[in-house]
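Please keep the sequence and the model in view while reading.

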Amino acid sequence: MIWATRTSVHIDRAACAWLIRRFIDPDASFVFVDDAAEVPAEATPFDMRGAELSHHGDDCTFETMLERYNLADPVLWDIARIVHEADLADERYDAPEAPGLDVLLRGLSMIRGDEEVLAISRPIFDGLYEYRSRTTLLGREPS
Amino acid sequence: MAQLLDGLVALPLDARNREQLEWVADDIADAGGEATMWIGHLASRTEELSIINDLAEAVAVEYRKLVAEALAACDLEDVGRRRTLGRLRRELRRVRQRDYFPPPEAQQARVAVESLAKVAEVSA
């Protein structure tokens, strides 16, 4: 499938792209547009105005995707809390990792194009998933 | 945020502000209302500077409050001082996120909170 989102990806879009490739559509390809009118007809838009897969109410797009695709993995919802705070910083959740993750993604987007940001951030999110998985299994932070 | 008139406010244009307002506009549309995004430019540089000064003064007030709280916390007992330090660090981070035109008080607040951290470290 082709997925479309806005250019200059930051935390929510990078996290969504990781989620799509790892849990929804392993063969996903992405296009980046400046305006919703530029989304190709065959593409599924996300994190864009007017798209179903976007912010809804107080939820960021990552949270919307977990709901729409019925992804109940508690580790993904744990990551969703971090992504939510990194994106919105509304203090809905206690996520001390969020400001650091936000800075990493913002910095990356300053020096790399969108495709590269997705490629570089992919193992970062894989690592975050692994870390939070082990935290869940151990019931404490892994050493 | 600068209050220009009743019902009219100005926010600096950056990616985060723009995106947040877009989501608000979508929420309004989802609820059956109408909302469009407009980006404004002041015709006068002098008026623009006046708004910038208002924005800087608004965060300067918050920085001054942080400085006062950091100084006052130096006299607290250890536990209270550490608790206050954590809260002030978080508050400083929040203020900096909405500080687009840093006034001199920004540096003063940072120094005051760092000084409180040093006092807390020495007494640990």
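The points below cover confidence, a helix pair and the nonpolar cores.

The model is predicted. The predictor assigns the complex an ipTM of 0.74 and a pTM of 0.84.

**Confidence in chain B**
- The mean pLDDT of chain B is 91, and 99% of the residues score at least 70.

**A helix pair in chain A**
- Helix α1 (residues 11-24) of chain A packs against helix α2 (residues 61-68) of chain A at an angle of about 25°, and their axes are 8 Å apart.
- Because of this angle, α1(A) is roughly parallel to α2(A).
- On the α1(A) side the contact involves Asp12(A), Ala15(A), Cys16(A) and Leu19(A), while α2(A) contributes Thr61(A), Phe62(A) and Met65(A).
- By type, the residues of this contact are 5 nonpolar, 1 polar and 1 charged.

**Nonpolar cores**
- The largest nonpolar core has 34 residues, of which Ala14(A), Ala15(A), Cys16(A), Phe62(A) and Val83(A) touch the most other members.
- At least two residues of this core come from each of β1 (2-6), α1, α2, α3 (74-88), α4 (98-111) and α5 (114-138) of chain A.
- Helix α1(A) supplies the largest share, 8 residues.
- Beyond its neighbours within four places in sequence, Val83(A) is in contact with Ile11(A), Asp12(A), Ala15(A), Cys60(A) and Phe62(A).
- A second, separate core of 14 residues includes Tyr63(B), Leu66(B), Leu92(B) and Ala106(B).

Notes
Residues numbered from 1 in each chain as written. Chains lettered and ligands numbered in written order. Predicted model: local features only at pLDDT ≥ 70, side-chain atom pairs only at ≥ 80, totals over all residues. Axes fitted to C-alpha atoms, helices over the stretch in contact; angles between N-to-C directions. Helix = DSSP H or I, 4+ residues; strand = E, 2+ residues; numbered from the N terminus. Parallel < 35°, antiparallel > 145°, perpendicular 65-115°, else oblique. Contact = placed C-beta atoms within 7 Å. Nonpolar A, V, L, I, M, F, W, Y, C, P; charged D, E, K, R; others polar. Core = buried A, V, L, I, M, F, W, Y, C linked by C-beta atoms within 7 Å. Buried ≥ 20, exposed ≤ 12 C-beta atoms within 10 Å, placed from the backbone. pLDDT = per-residue confidence, 0-100.
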